[in-house]
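Visitor: I've got a structure to look over and would like a quick guided chat about it. Could you show me?

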Amino acid sequence: MNAARDLPRLAAALAIGAFALLPTAGLPAFYDSFFYLVFFWVSLSTSWALLSGFAGYFSLGHAAFFGVGLYTTAVLAAKFDVPFLLTLPAAAILPALLAVVIGAIVFRLRRLRGELFALLTLAVTFVIATVVLNTPIDGGGGIFMSAVPLPSLMATPTGTLYLLAFVICVSTLAIAWKVSRSRLGMGLFAIHDDEDVAEAKGVPTFRYKLTAFALSAGIAGIVGGVHAMFVGFITVAGTFELTVPLYVVLMSVLGGSRSWFGPAIGATVITTLLYSFSSGDQAMIGRAVVGFILIAAILWLPDGAVPAIAKWLKPRRAASVRTGADVAPAATPARSIGDRNMLEVRGVTKRFGGLLALGGVDLDVREGEIVGLVGPNGSGKTTLINVISGHYPLSGGTIALDGVQIGALPAHDIAHRGVARTYQIPRPFANMTALENVVAAATFGGPVRKPAEIRDEALHWMAFTGLSGKEDVLPAGLNLHERKFLELARALAARPKLLLLDEVLSGLNPAEVDNAIRLVRAIRAQGATIVFVEHLMRAVVELSDRVAVLNEGKLFALGAPREVMRDPRVVSIYLGKAYAA
Amino acid sequence: MIERLGAWRRRGVLAGLAAGAASLAAPSILRAAPSGKPVRVGGTLSLTGFLAQTAAVHKIAADIMVEEINGRNGFLGRPVEYVLLDDQSKPEMARSLYEKLITVDKVDLIQGPYATAPILAAMGVAQRYGKVMIQSSMGIPKLQTYDRAFPATPFGPEPDKTYPNVILDAMASIPTPPKTMVVLTSKFPSAQFMAKGMQKEAEGRGVKVLLYLEYESGNHDFGAIAARVKEANPDFLWVGSLGLESNLLLEALRKLDYVPKNHFHLYPAPGPLALSPDGNRALCSTFIEADEPFMSRPGMKRIAAEYKERATKINLPYTTLDAQACGMVSEWQILEAGVNGADSLDDAKIAAWLKAHTVETLLGKQRFNGPYNHGDAGQMIKQVQNKEWKVVWPKEFAAPGVKLLAS
C-alpha cells in the first residue's frame, strides 16, 4: 500500500535527478537546447493554466507578462549592468504586480468574464508592446544581449540556461501540483464551473483569482527573463507576438488545462512534434500534422489527454481506494423554536435600474424556525434570497444574522458566517464529482477542519440526502431529483445557521416530493433555521412554522400557514381560491 | 572607408577572384563529378512562420547553388549535401536547430539563417563551436561581433553612413536637388537604424529634415502620417519601409491628392511596389538587378533563368532574380571560395582565407577584412520605370539608356 503510494514520488524524484544531471551526461549540446525549449513551454503553458485552466479565465495576454519579464531582464542586464541572475526576481515580480493591478480592476466587474476577459488581456498585450516600443525601454532598435555575462552554473552556456529553465519548470509544476490540491485550487476549480455559486458557497473569488493571476504572470515573467539570454536579440515584434498565447492555449488544451500536469504533456508533445518535422522537406507537413493532432484532440479529447487517461484509469483505482460512505444521518430529536432572531431583515430594498424588486421588506426569522416564502411570480422571493445570501448588493435597508450585520458583506463572507443556500435550478460545479461538490461546500462554507474530517462530513451529508453510491458521479450523471438533493447536501455540509432553499421541490414527482419533505423535516430536526421559497402549497403548509407572502416586492402577509392561506387578500393576489385543508 | 590592401593581400585577392570567376564560368562538363562522402552543409531558413515568403526565395537560390557546386567539383571533390531545417521564423528555434546541426547531425559546415534575430541567435551557437557562418540579411553590421561570421551582402561596416550618402548623391545629381526632406520609418530595428543615419547624414549635407516620424512595424493605417507628409511637402521623402508599407503609404497620399516629388523606400516588397499605380519613379535600395551590366557577371544569366523557372513553378509572386536571392547565391559562392581557397573544411582555415582574400560573387567583389568582417559598401539605387525596377545609381551600374528620373 505504501509502496504503491510512494512509487510515483520515487519516479518523480528520479526523473528530477536525471534531468538535473543531463547536461553532465556528455550528450550533444542540442539536447540541452531542446529540453530548454520543452521546459520553457511547459512552464509557460502550466503558468497559463493556473488562471485560465483552473479558474476558467481564458487569457490571450500571456505574452504581455512574458514580455514584461523578458524586457525587465534585458533592460536591467544590458542597459544597467545588473548581474543576470539578480534580474530574475524583478522579472517575476514586475509582471506579478502588473497582473495584480489589472486584476484588481477587471475582477471586480462581472461582465468582464469569458471572451471579454480574453480580449481585454489581448489588448493589454498591445498596450504594453506599444509602450515598450515607443519608450527608451526598447525604442524600436531591439536589445542585444551578447555583452551580458552568463554565470557558469554548468560547463556550457547552454547547460546553464538548461539548468535555469529546468529549475523554473520543476518549480512551476510543483506550484501547479500544490495549488491543484489546495484550498486555493479547489476554489479556482469552483470559480471555473460557476463563479457566482462559488462565491455563495464561501469561495473568496476575488482574492483567489488575483492570487492565481499573480502566480501565472510571475512565472511567465521569470521564464521571459531567462529566455532573454537564450534568444540573445530582443525585439518588440518577436516578443509580444501571438505565438506565445496561441501555443500555450494549444498545449494546455491538448494536455488538459484543468490538470496540473496536462499542460506539461501538451507542451512536451507539441514541442517534440515541431522538432520532429523541422527538416526542410517536411516543414509544411509538420505544421499540418501538428494541426491535425490538435483538431483530433479537441474533437475526441475535449478535456485534454491527461483527464482522459485519468478517466480511463479511474474505475480500477476507484475499486481499490474507495472508502465507505455509510455514515448514517444522526437521529437528532426535534428542537423547539428559539426566542432570539436568527435573521432580521429591516427595510430591505433592491433596485435594478428603474425596477424596484424589493421595496422595504421587514422579516424576522427565529432560531430553529421554518419560514415559507410565497408569492406570485415576480413578487421578489428569489431576489430576497439573493440579497440575504449576498448575491445581490442591497440598495437599502439592513440584514442581520444572529445579531451581526451582514448586508454589506460579500457573499463568501456571508457564507462563512453561516448562510447557505440552494438554487431553484440546481447549479452544481459541473466538472467536480458529487462528492467533490459537497467537499468544496464544506471546505469553504463551514468551520475550518482537516481534509479527512471534511471528507467524512461530506460523505455523511451525501448519505443523509440519499446520494450514497453517487460519490464519483459527475452532476451530469445525476437525475433532477438527485441534483436537487446534491444542492441540499452542499448546503448542509456548510453547517449553516440559516438555510435558504429556493424551490427545492419544483420539478419533482409526488414520491420525490414526499421524500424531500421528510428530508427537510430531518434537517429542521437537527436545529437548522430555514427560509424556503416554494410554490407547492402542500409542502408549504406541512413544513412551515410561518408563511411570509410577498407581493410586488413588499411583505404582504405573515403568519401561520393555514391562516395566511385562508386570508382572502392572499387568495386574491396569489392563490385564486382558498386552500382547503 | 575602403582600406588599402597590402601587396601580400593583393596576391590573395587576385587568387580569390581567379578561383571564384573560374568556378562560376567553367562549364561543369569539364570537371570531374564529385564523389565520396558528401560534405554536409547545415542551415536553417524560416520555411514556415511569418518569414516564410522570403525563405522560399532563399531556398530556391540555395538549391540552385548546391546543384551548381555539385555540377562543378563539389567541395574538395566531394558532393555537397545541404541539410536544411525549418526554424519556423523563431530565433529560439534557430538557436536550438543550429545546436542540432552541429552537435547531433555533425554537419561539416553551416550557412546562416535569414533575418537579424535568427542570425544573432545562430551566431552565438556558431561562435561556441568555432564554425564559419556566412549570412546575407543582417542589416546592422555592428551586431556581427563574431570573428568567423561573414556577410554575403555588401552592406559595408557602417551602412547607416554609407547608404544615406548613396541616395543623397543620387538626389544631388538631379536638376533640382532636394533642399528639404521627410524621413519616415518603421520601428523595425534595421530600418530604424538606417533612418537615423539618413536623418543625420542629410542634415550634415545641408538638407533640412522637416519631419522625422516612426511608425509601428506592420502598420496598416497611414492616413495621419500621409497628412503630415502632405503638410510638410518635402522635396524628398525617405521611407524606411518593409513589405507592403510603402504601397499603403503611397495609396494614403494619393487619397489626399498628393504625389511625393521624389520618394525612396528601403525594403519594400519589390513586385507590388513596381506594379502599383503609385509606384512610378519610386526609388529603392538594391545590390543587383536582373539587367545589364549585372547579367554579364559570371553565372548570372544561367542562375537568373534557373531561378525564374523554379520561382514560376512554385507560384512565387515575383519571379525575377533579385537582391534577396542573390544574397543567398553569394553566401554559397563565398563558402565555396573559402573551402576551395583554404583547401580544407576546417573552419579556422576557411575563416583565415576569407579574411585574406576577395571573393567574386554575383553581388560583386567582396572582401572581409574590415570592421565586423565587412568590406566595401555596395549599395545602389533602383527606380521603378514602366513597372520595372532599373538600377539608376551609381551611373556606371545603370543599364544602357537608363537614367535616374526626377519627379
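Guide: Let's start with a definition: axes are lines fitted to C-alpha atoms, for helices over the stretch in contact, and angles run from 0 to 180 degrees between N-to-C directions. Helices (H or I, at least four residues) and strands (E, at least two) are DSSP runs, numbered from the N terminus. This is a predicted model, where local features need pLDDT of at least 70 and side-chain atom pairs count only at pLDDT 80 or more, while totals for chains, interfaces and linings use all residues. Residues are numbered from 1 along each chain as its sequence is written, with chains lettered from A and ligands numbered from 1 in the order in which they are written.

Visitor: At what angle do H4 and H9 of chain A pack?

Guide: H4(A) covers residues 84–106 and H9(A) covers 205–231. Their axes lie 7 Å apart, and the packing angle is about 145°.

Visitor: What is the strand order of the open seven-stranded sheet in chain B?

Guide: Two strands pair if DSSP finds at least two bridges between them. The pairing in this sheet is mixed, and the edge strands, S7 (208–215) and S14 (388–393) of chain B, each pair on one side only. Reading across, the order is S7-S6-S8-S9-S10-S13-S14.

Visitor: Which residue of S8(B) is the bridge partner of B:Thr185?

Guide: S6 (180–186) and S8 (236–243) of chain B pair in the parallel sense over five bridges. In S8(B), the partner of B:Thr185 is B:Gly240.

Visitor: Which strands does helix H6 of chain B touch as it packs on the sheet?

Guide: H6(B) spans residues 189–204, and its direction makes about 165° with that of S6(B). Contact here puts C-beta atoms, placed from the backbone, within 7 Å.

Visitor: Which element gives the largest share of the side of chain B that touches chain A?

Guide: In this interface, 30 residues of chain B are in contact with 28 residues of chain A. Elements giving two or more residues on the chain B side are S2 (80–86), H3 (91–103), H4 (116–129) and H6 of chain B. The largest share, eight residues, comes from H3(B).

Visitor: How far apart are the centres of the two domains of chain B?

Guide: Domain 1 is 7–154 + 293–376 and domain 2 is 159–286 + 381–397, with bounds from an automatic or database domain assignment. Their contact takes nine residues from domain 1 and eight residues from domain 2. Taken over C-alpha atoms, the separation of the centres is 30 Å.

Note on methods
Contact = placed C-beta atoms within 7 Å.
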